[in-house]
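User: Could you take a close look at one part of this model for me? I'd like to hear what pairs with what, and what sits around that part.

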Amino acid sequence: MPNNPIFDGSNGPLYGAAANSYTQPGSEIPAQSGTSVQAGGAFAINASNSLSLGVLGGSVNSSIRIANPSGSGKTVYLGQIIGYTNISLSLLSSFSAQVTVYSGGTIASPTTVTPVNLNLGSGTASVASVTTSINAVTGGTAFILYPLQPGPFSFSVGGGVAVPPGQTLTINVVGTLTVLGLLGVGVEVIWWEV
């Protein structure tokens with residue numbers, strides 16, 4: 001009789017995420033899921049862009065800029081970045097895409113947007129000044145850069161990035177085709193404020 005563990009490992013065929021919480025925890029409760037949401041301090045915003053690119057191809061951008069104003073009295077904690085890249089009707093084209101997160105940075109032709117409070121019964125507004133754009137980010141310091149494949153993506157930061165008063169966080173998703181095609185990109189940012 002083999003001496004196999006009684007709990008299924010993560011590489012096993014019947015893995016249950018929380019089956020063996022002693023040796024390999026499979027579930028967790030994010031810090032923002034309790035108090036911040038109940039108190040009306042969790043927020044989300046999304047942006048998207050799509051273009052029909054000509055024979056020479058080109059790039060499609062979608063950017064979100066979250067500025068925590070000086071004197072706000074709160075810190076913005078990045079929870080999750082979700083998004084997608086979508087290609088259709090592409091003929092013999094080479095595709096590349098990436099998501100980049102910046103400390104600072106500016107976006108041309110910004111549109112002011114109002115974040116959604118994730119406690120749908122709360123009237124609390126975000127302290128952050130949020131803008132979106134279909135233009136690339138200029139300036140700032142990139143500290144997360146990740147290549148993307150066509151389809152959805154999700155990065156859980158879990159509050160590991162803090163934006164104190166007087167600081168700015170900017171996220172950009174860009175997709176590029178070398179020849180004609182329809183290309184779309186989108187990004188959503190979830191954060192909480194304490």
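Analyst: Strand 2 and strand 12 (residues 167-177) run antiparallel and are joined by 11 bridges; strands here are DSSP runs of E with at least two residues, numbered from the N terminus, and two strands count as paired if DSSP finds at least two bridges between them. Within that pairing, Ser-62 sits opposite Val-173 of strand 12. Strand 2 also pairs with strand 8 (residues 129-133), again antiparallel, through five bridges. There, Ile-64 has Thr-132 of strand 8 as its bridge partner.

A quick word on the model: it's predicted, so local features need pLDDT of at least 70 and side-chain atom pairs count only at pLDDT 80 or more, while totals for chains, interfaces and linings use all residues. Residues are numbered from 1 along each chain as its sequence is written, and side-chain values use heavy atoms, leaving out hydrogens and water.

As for cover, eight of the 11 residues in strand 2 are buried, meaning under 20% relative accessible area, with exposed being over 50% and partly exposed in between (1.4 Å probe, protein chains only).

Now step back to the loop between strand 1 (42-53) and strand 2 (58-68), which holds Leu-56. Leu-56 is exposed, at 78% relative accessible area. Together with Val-55 and Leu-180, Leu-56 forms a nonpolar surface patch of about 330 Å² accessible area. Areas come from the Shrake-Rupley method with a 1.4 Å probe, and for residues only the protein chains shown count as cover. Patch members have over 30% relative accessible area and no salt bridge, with nonpolar side chains joined within 5 Å and like charges within 9 Å; a salt bridge is a side-chain nitrogen of Lys or Arg within 4 Å of a carboxyl oxygen of Asp or Glu.

Key: Helix = DSSP H or I, 4+ residues; strand = E, 2+ residues; numbered from the N terminus.
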